[in-house]
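Subject: Structure handover

Hello,

Here is the structure I promised to pass on. Please look it over first, then read my notes below.

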Amino acid sequence: MEIKVVKLYDDGSFAEDFLFGGENKSDGRHDVTYPASLQNFLIDTGKEVILVDTGLPAEQEFKGYRKVNDYVAGFEALGYKKEQVTKILVTHKHPDHTGELKSFPNAKIYIGPEDADALKLTGENIIRCEYTDGAYKNFEHSQKIADGIYFIKARGHTKGNSIVIVEGDDGVYYMLHGDVTYNDTALKKNKLSIVFEDLEAARDTLNRVREFIKNNPTIYLSTHTPEGYKNLEEKIIMRLD
């Protein structure tokens, strides 16, 4: 089992009040910023190539960032071909996570039903995930995707939000969480960003994420901070104490 990063954008920034202000609008300052990026992840099981999100549409750009690659070019630079992808796990509906779903027509796309509806996704390859495999650790609803790979119901950021947990061969858990937080500081400070569709559910999800990390050695893989790929490259275990 190997997880790889598809790097898309770098050299951006987030204001502190954006990162921390979800529950208390006075949290953070607009003039204090943190580094931002955009990357998605790929899981190579040795038998399957599974994507977690598919970046922005090629025709759309992140303003204020340095572009590293379009999604498909970044994916192919890792040495893979589009027809090798068997499954795509969509953490949520936003375009920086779903932009190139169309480039992998042979893959089964797993997505929360609410977000599938919002995107008007149809077809035999669309799996509206019902999380039928019961609890996974302290999360109440999960779907086993392959050996050691679980799609977890984690509502809040969007109504169909999910996270992915991978059980590493080394006894470490890898959490690919979409946008539960936008950087590691928000996770450590227990702060929600200002972007959510259901505040109560977002708070419950962040609580469960933090509980999981406290009880299990976890590498936290974020989409929007360079910490996401640095944590992977350096195998940094998240500490919340």
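How many of the 241 residues of the protein chain count as buried? The share is 57%, where buried means under 20% relative accessible area with a 1.4 Å probe, protein chains only.

Some ground rules. This is a predicted model, in which local features need pLDDT of at least 70, side-chain atom pairs count only at pLDDT 80 or more, and totals for chains, interfaces and linings use all residues. Residues are numbered from 1 along each chain as its sequence is written, and side-chain values use heavy atoms, leaving out hydrogens and water.

Now the overall picture. The protein chain holds seven helices and 12 strands (DSSP runs: H or I of at least four residues for helices, E of at least two for strands, numbered from the N terminus). Its radius of gyration over C-alpha atoms is 17 Å, close to the 18 Å from the globule rule for 241 residues, so the chain is as compact as a globular protein of that length (the rule is 2.2 Å times the number of residues to the power 0.38). The C-alpha atoms fill a box of roughly 45 × 40 × 35 Å along the principal axes.

Strand β11 (residues 173-176) pairs with β12 in the parallel sense over four bridges; pairing takes at least two DSSP bridges. Tyrosine 173 has threonine 218 of β12 as its bridge partner. In β12 (residues 218-221), Thr218 and Tyr220 point one way. Ile219 and Leu221 point the other way, and all four are buried.

Best wishes

Notes:
Buried means under 20% relative accessible area, exposed over 50%, partly exposed in between (1.4 Å probe, protein chains only).
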